[in-house]
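Subject: Structure for you to look at

Hello,

I am handing over the structure we spoke about. Please open it first, then read my notes below.

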Amino acid sequence: MDLEEASRLRQHVARLTAERRGVERELMGRHRLLRGSLLERPKFCGKGGCRCTKGQPHSPSRYQPPLRCLNRTGK
Ligand SMILES: [Zn+2]
């Protein structure tokens, strides 16, 4: 990758980041949202002989990982 291409990529990332911030601001203005991620992952009950121990997990459950503490810049 040459310097010109790296510069173009950085500008592209900056534009996308600005666009994302705009969309987030708009969403946060209309709805009450929590900062964080919501993951969906398969469940394994751990009971001996269950199908999940043979590679067939139960229906996925939603999981919200603990929120990180925000620093002063909000990142
Ligand atoms: Zn199971």
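Leaving aside its neighbours within four places in sequence, which residues is P60 in contact with? I will start from the overall layout and come back to that.

Please keep in mind that this is a predicted model. The average pLDDT of the protein is 82, and 85% of the residues score at least 70. Confidence is highest in helix 1, with a mean of 91, and lowest in strand 2, with a mean of 80.

Layout

The protein contains 1 helix and 2 strands. Along the sequence they follow the pattern α-β-β.

Helix 1 covers residues 3–30, which makes 28 residues, and at 1.5 Å a residue it should span 40 Å. The C-alpha atoms at its ends are 41 Å apart, which agrees with that expectation. Helix 1 is hardly covered, as the count of buried residues in it is 0.

The strands

Strand 1 takes in residues 39–43, and it pairs with strand 2 in the antiparallel sense over 4 bridges. In this pairing K43 stands opposite H58 of strand 2. Strand 2 runs over residues 58–63; of its 6 residues the number buried is 0, so strand 2 lies largely in the open.

P60

Now to the opening question. P60 lies in strand 2. Apart from neighbours within four places in sequence, P60 is in contact with E40, R41, P42 and K43. P60 and K43 are 17 residues apart along the chain, yet their C-alpha atoms are separated by 5.7 Å. Is P60 buried or exposed? P60 has 11 C-beta neighbours inside 10 Å, and a residue with 12 or fewer is exposed, so P60 counts as exposed.

Q64

A second residue to look at is Q64, found in the segment after strand 2. Not counting residues up to four places away in sequence, Q64 touches G36 and L38. Q64 and L38 are 26 residues apart in sequence, while their C-alpha atoms are 4.8 Å apart in space. With 10 other C-beta atoms within 10 Å, Q64 is exposed too, because the cut-off for that is 12 or fewer.

That is what I have on this one.

Regards

Note on methods. Residues are numbered from 1 along each chain as its sequence is written. This is a predicted model: local features need pLDDT of at least 70, side-chain atom pairs count only at pLDDT 80 or more; totals for chains, interfaces and linings use all residues. The expected span of a helix is 1.5 Å times one less than its number of residues. A residue is buried if 20 or more other C-beta atoms lie within 10 Å of its own, exposed if 12 or fewer, and partly exposed in between; C-beta atoms are placed from the backbone. Two strands pair if DSSP finds at least two bridges between them. pLDDT is the predictor's confidence in each residue, from 0 to 100. Two residues are in contact if their C-beta atoms, placed from the backbone, lie within 7 Å.
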